[in-house]
Amino acid sequence: MRTEHNDPPPAVHLTGVTRSYGRGDAQVHALRDLSVSIPRGTFTAVMGPSGSGKSTFLHCAAGLDTPTSGSVRLGDTELSGLSETALTLLRRDRLGFVFQAFNLLPALTVRENITLPLRLAGRKTDQAWLTEILHRVGLSARADHRPSELSGGQQQRVAIARALVTRPEVLFADEPTGALDSRTAAEVLGLLRQIVAESGQTIVMVTHDPVAAGHADRVLFLADGRIVDSMSAPTTDRVAERMARLGAWV
Ligand SMILES: Nc1ncnc2c1ncn2[C@@H]1O[C@H](COP(=O)(O)OP(=O)(O)OP(=O)(O)O)[C@@H](O)[C@H]1O
């Protein structure tokens with residue numbers, strides 16, 4: 001039991017998480033006895049060869065998938081044992097998601113896309129917060145445009161704003177720059193970095209791209225369902241070198 005004198009809990013804490021699919025000879029262990037803490041206010045990148053378990057890790061950590069065994073905690077909340085409904089509410093109220101595909105609604109304006117999660121949750125929009133978010137993602141002048149009128153990078157920035165509007169404890173990003181050219185990707189990664197630095201947002205990002213991972217505070221390297229290494233203050237070159245040793249591009 002923690003007391004008020006102890007440190008706050010990490011944003012996300014996985015202990016002994018295993019996720020297996022199938023059975024018998026066909027059984028696949030996507031995650032094997034994985035334990036890790038994601039501190040609050042940090043930007044973590046998750047890398048690893050194809051099939052190493054990155055998506056499964058993200059899905060288990062975000063309550064989108066249930067481990068076969070082990071514990072996942074979001075702050076003080078243990079996810080195992082929560083009902084589907086409780087998990088849905090937890091994801092809606094406490095987490096934000098950004099994917100490779102922007103998933104914006106084409107008929108809605110930027111402002112309406114960003115505030116959609118609030119409307120779905122029956123919450124009122126805090127106009128000052130919306131103004132602040134639009135400013136942060138550099139879209140103040142585009143609030144009344146539709147997604148088709150925006151570049152790919154701008155559309156992803158709308159998706160980031162939509163993920164932030166509910167003030168999530170953790171923002172989970174799955175290949176957020178996968179559909180962007182390298183210059184636009186750098187802008188989006190710079191924005192994520194800035195959100196962590198300026199507002200203490202916790203971000204967990206799965207990526208194949210050493211350049212993207214180079215923007216994080218820490219990189220976790222997965223291989224065959226296990227965390228085999230981590231790197232603080234990563235650079236693109238060091239990440240690429242580590243990935244090459246994992247055989248990612250062999
Ligand atoms: N629904 C499923 N049924 C069976 N096996 C699965 C399922 N989902 C994932 N796997 C297996 O679990 C392992 C990890 O998959 P996962 O998608 O987490 O890897 P990844 O690192 O995200 O891969 P990629 O980089 O190619 O997206 C792989 O061997 C995959 O084939």
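Helices here are DSSP runs of H or I with at least four residues, numbered from the N terminus. With that in hand, here's a look at a predicted model, starting at the ligand.

The shell around the ligand draws on Tyr 21, Gly 22, Val 28, Ala 30, Gly 48, Ser 50, Gly 51, Ser 52, Gly 53, Lys 54, Ser 55 and Thr 56. Two elements give two or more residues to that shell, β2 (28-38) and α1 (54-61). The top contributor is α1, with three residues. Sorted by class, the ligand shell holds three nonpolar, eight polar and one charged residues.

Now for α1 itself. Six of its eight residues are buried, so α1 is largely enclosed by the rest of the structure. Those buried residues are Lys 54, Thr 56, Phe 57, Leu 58, Cys 60 and Ala 61. After α1 comes Gly 63, with a positive phi near 70 degrees.

Elsewhere, two helices pack against each other. The axes of α5 and α6 come within 9 Å and cross at roughly 20 degrees. The cut-off for roughly parallel is under 35 degrees, so α5 counts as roughly parallel to α6. The crossing of α5 past α6 is right-handed. Here's who touches whom:

| Helix | Residue range | Contact residues |
|---|---|---|
| α5 | residues 152-164 | Gly 152, Gly 153, Gln 156, Arg 157, Ile 160 |
| α6 | residues 182-199 | Thr 184, Glu 187, Val 188, Leu 191 |

By class, the residues of this α5 and α6 contact split into three nonpolar, four polar and two charged. As for the spacing along a helix, an α-helix has 3.6 residues a turn, so residues three or four places apart point the same way.

How values were computed
Residues numbered from 1 in each chain as written. Predicted model: local features only at pLDDT ≥ 70, side-chain atom pairs only at ≥ 80, totals over all residues. Near = placed C-beta within 6 Å. Nonpolar A, V, L, I, M, F, W, Y, C, P; charged D, E, K, R; others polar. Buried ≥ 20, exposed ≤ 12 C-beta atoms within 10 Å, placed from the backbone. Axes fitted to C-alpha atoms, helices over the stretch in contact; angles between N-to-C directions. Parallel < 35°, antiparallel > 145°, perpendicular 65-115°, else oblique. Left-handed = near helix turned anticlockwise from the far one by under 90°. Contact = placed C-beta atoms within 7 Å.
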